[in-house]
Every structure is written in C-alpha cells, then in structure tokens.
Amino acid sequence: MEYAYYPGCSLEGTANDYGRSVLAAFKLLDITLKEIPNWTCCGSTAAHSLSHVKTVLLPCKNIAGAEELGLELVSPCPMCYNRLLYAQDQIKKRLYDSPWPLSGELPIHDPTRLLSAPDYLKQIKERVIRPLKGLRVVSYYGCQMVRPPKLTGFKEFQNPTTMDKIIEALGATSLDWSYKTTCCGASIKIGRKDIGNFLAQRLVQKALDFGAEAIVVSCPLCQFNLDSVQFETGNKMLPIFYFTELMVLAMEEQPMPKHFKTHLVDPIPLLHSKSLLT
Amino acid sequence: MSETDGFREITKKGNKLLSKIQGDIGVNINSCYQCERCTNSCPVAEFMDIKPHQVIRYVQLGYREEVLNSRTIWVCLSCEMCTAHCPNEVGVAEVIICFRNWAAQSHFESSEGELEIFYRKFLKELNKFGRINEMWLMASLNMDPKILFKKLQSAEIFSELKLAYTLMSKGRLHFLPKKSNAVKELRKIKAE
C-alpha cells in the first residue's frame, strides 16, 4: 500500500521523534509513505484565530499536492489533520476558491484509525516480536483528531478506541479512563501558563489515579504539554509515548534505546523494568 | 414602534448580528435553548468571563461589543467540546472563533494580548519560510518589546532558555529553518 504523507512542521522540529517513529512503524508494516513535495504549514491555530480565509486556503496547497501524487493522504499531526479536513469541507461546499486545483474528494486519514482497521491490526499482531507484556498505559487522544465528529467522522467521539486497539495488539494493557479526549491546553501556555498547567497537570494526575505507568498519545503538542508539565508537580513522573514509538519497540528487531532520549521524562527506567530494552 | 420599546429594539439589533454570523459560518444559533451543555463540557469555562452558553444569548440579543471585548474569545481552546455536545448543533466553538477573527481585525485591544501577538508572529514566520521553525518562532515572539519586558520581569525568560537548551541538546530544536519552495505561492494569498 502507498499513501501520500504530510508530516507538518512539528514532525521535523520538536516532534521529530514522532516523525521518525511514524516512518519506521509504517515501514515495518510494508506501507510506503510518499512525502508531498514542497509541503507547507497548515496554518494551525494562528490562521484559525486571525483569518478565516487563511484557515481554508493554507491547507489547500498540501491537499492539492497529495492529489497530484494520486494517493490517499496520511497526516499524523492531529492539528494538521483537522485543518486539512476543514479546508477540504469548505472547498467542497464551494464557499472558497482554492488557488490550487482541488477535487475536494481526497480521503484524508489519521494514522490511528488507519492502522486499527482489521487488516492492519492483524498484521501488527503477527509482526510483534517483543510483546509489551505488563506495560499498563492509558491512551490519550486529545481534541483535534476526534472532534468535531461531523468533520472527522469519529463514531465513538466520546470514547474513541482506535489507539487502545493498537496498544492491545502490541501486548500492552490499555486501561480505561475518562479523560481520553479532554483538552491538554494546546498552545494556551504561550499567554496563560496557569490555564495550560491546570489542564495538563490534571490529566497526568488522573492517569496516575487510574494506575497507569505511561500515557500514549498521537499528537506532538499533547506530548510536549504532558511531558513538560510534570517537573513542577513533584509527583511520580509518567513517560509520554507516541503510539508509533510503542509499535516500533514491539516490532523492531533491534530496539533503539537512543530513540527515547528525546523525551523530557525519561522512559528508559520503565522500559528496563519491564525488560523491554536489552 | 416607540423609542422606549427596549425589548423590540434589542431583538432587532440581535437579528442583524444573528444573520451575519449565521451567514458567515453557517451555524444555527436560533435553536439554542440554553441547556448549558456547552458550558458544562468546556474545560476552560471557569477562566471565561462570558460563558459559552451566554455567548450564544449575547449574539441573539445583539451584544456584539461585549463579546468582542471579552476574555472568553481568546481563552477558548477551540477543542470543540461544546460543538460536539450541543444537542441542537449550534456550533458554539465556531461562533466564539468567529468573534476572535473579528476582534483580531478591529481596534479592540485583546484581553489576552500575548496570545494575539503570538498568532501574528506565527503567520509572519509562515510567510517567511512556508513552514514553522519553533526556535525562530519563539525568538521572534520574545523579541517583541512588550513580551520581552514581561518575561524579564518575571524571570520566565530564563526557564524558557533552559528548556530551549534541553530541547536543543536532545536534537529537537534546529537553528536553521527548513524552507518550502512553495512559499511564494502562499504569499499570493492576499488575506491577512
């Protein structure tokens, strides 16, 4: 299978560990990701806040790029994913004119739903060589990948299970908790540190209460917020994994301890205690 | 209708604002019956001066300036919890963000100035390279005199520099921005 790949700015910057693990995980499943040539930023919250025109037009460049490749699009960053869907929806309704030719019919995928489809899930189960036995985690989806359900098509938008399915397929235990889609604060910390810390610390605290040893995410900003906020609390610290990192850990022949060095909360002691790293 | 007929005046004022917003973003505001599910699901409602369900009522009554001046429109995370939980598909988050767009294009001073400056710097960086480099973005934000002064005063700048150093030593921040060759095409979009 082959998909067009839109990494987004974060995945080549602060979340390059997510970018690397996405590419590695897809490669392990024999899925080719073809990066869209000359892709540009989706505009993110900034365009969304200041100019509705830019919200719609900025992502169009990348959708057009994927259509040119003739492939369905995978966007691992939930913010980009949401913006791409929104832009395509507005173009499809003929409310704006895209500067680049668009059909408005391109299927856009988030990687969790793509990989938790029965076919891929079966493949994942078959290829696990290092089951993550005994690892108890909670999955955290955040907002943009799931909501608004009208746009994303998430049927279980109050209790999504796509990442849980992947985690279970890898042999880890995915705990049930109530904060799967509660916002982590996104970029509000830039102006209001109090709100950002309040939201992110509550999430970490709840994960601890539910008995989790780590939180699994699929969003660069969620990862950064949850990872960086724990140093101020003095509580036990939870490593924050991308779900693709766990996939690589379970399916790669040579696990790379080097990979996890990019995290702020060091996950290596936890992985050693489960004897997942050699 | 007499001048003193307050009720009807307000409704008339509201009607115009209502049709403007409904036309702009294609949401249905009239069907709100103030069940407050939006406010109850909002993770930051406690930090807002006008709660989400009140925003909708303000729109119905035509109180445009009050909403434009509020903290609410900048504190909103557009996490879409309100929209997803509304039983009548009012599109609360869309209304709030629409007001944020209007406020950004008005003379009203934002109650969360730092956030607005951040968004503007973000789009400026986007126009420079076509992609965002986090280091350049944060540097250009901190170069803003207002922000620099505040961060120096609270010594926050030092913890930020420390974090930047940590991220850089982990290979997560890069000095050189990556430029997209398509940036010229982006600059042709004339909107701000």
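Tutor: Two residues are in contact if their C-beta atoms, placed from the backbone, lie within 7 Å. This model is predicted: local features need pLDDT of at least 70, side-chain atom pairs count only at pLDDT 80 or more, and totals for chains, interfaces and linings use all residues. Residues are numbered from 1 along each chain as its sequence is written, while chains are lettered from A and ligands numbered from 1 in the order in which they are written.

Student: Is chain B spread out or a compact globule?

Tutor: The radius of gyration is taken over C-alpha atoms, and the globule rule is 2.2 Å times the number of residues to the power 0.38. For the 192 residues of chain B the rule gives 16 Å, but the radius of gyration is 21 Å. Along the principal axes, its C-alpha atoms fill a box of roughly 65 × 40 × 35 Å. The radius is well over the rule, so compared with a compact globule chain B is more spread out.

Student: Which helix gives the largest share of the side of chain B that touches chain A?

Tutor: In the interface, 46 residues of chain B are in contact with 39 residues of chain A. At least two residues of chain B's side come from each of α6 (81–85), α7 (92–104), α8 (113–129) and α12 (183–187). The largest share is eight residues, and they come from α8(B).

Student: By class, how many nonpolar residues does that side of chain B have?

Tutor: Ala, Val, Leu, Ile, Met, Phe, Trp, Tyr, Cys and Pro count as nonpolar, Asp, Glu, Lys and Arg as charged, and the others, Gly among them, as polar. The side of chain B that touches chain A has 13 charged and nine polar residues. The nonpolar count is 24.

Student: How far apart are the end C-alpha atoms of α8(B)?

Tutor: The expected span is 1.5 Å times one less than the number of residues. For the 17 residues of α8(B) that should be 24 Å. The end C-alpha atoms agree with this, lying apart by 25 Å.

Student: Which element of chain A is included in what covers the buried residues of α8(B)?

Tutor: A residue is buried if 20 or more other C-beta atoms lie within 10 Å of its own, exposed if 12 or fewer, and partly exposed in between. Buried residues of α8(B) include B:Leu115, B:Phe118, B:Phe122 and B:Leu126. Their cover includes α5, α7 and α9 (134–142) of chain B, and from chain A, α2.

Student: Phi of B:Ser78 is a positive value. Near what angle?

Tutor: Most residues other than glycine have a negative phi. B:Ser78 lies in the loop between α5 (72–75) and α6 of chain B. It is buried, because 22 other C-beta atoms lie within 10 Å. Its phi is near 40°.

Student: Now chain A. Which residue of β7(A) is the bridge partner of A:Val137?

Tutor: Two strands pair if DSSP finds at least two bridges between them. Strand β5 (136–140) of chain A runs parallel to β6 (173–175), with three bridges, and to β7 (214–217), with four. Four of the five β5 residues are buried. In β7(A), A:Val137 bridges to A:Ala214.

Student: Is the peptide bond from A:Arg147 to A:Pro148 cis or trans?

Tutor: A:Pro148 sits in the loop between β5 and α7 (149–152) of chain A. Omega is near -10°, and the bond is cis.
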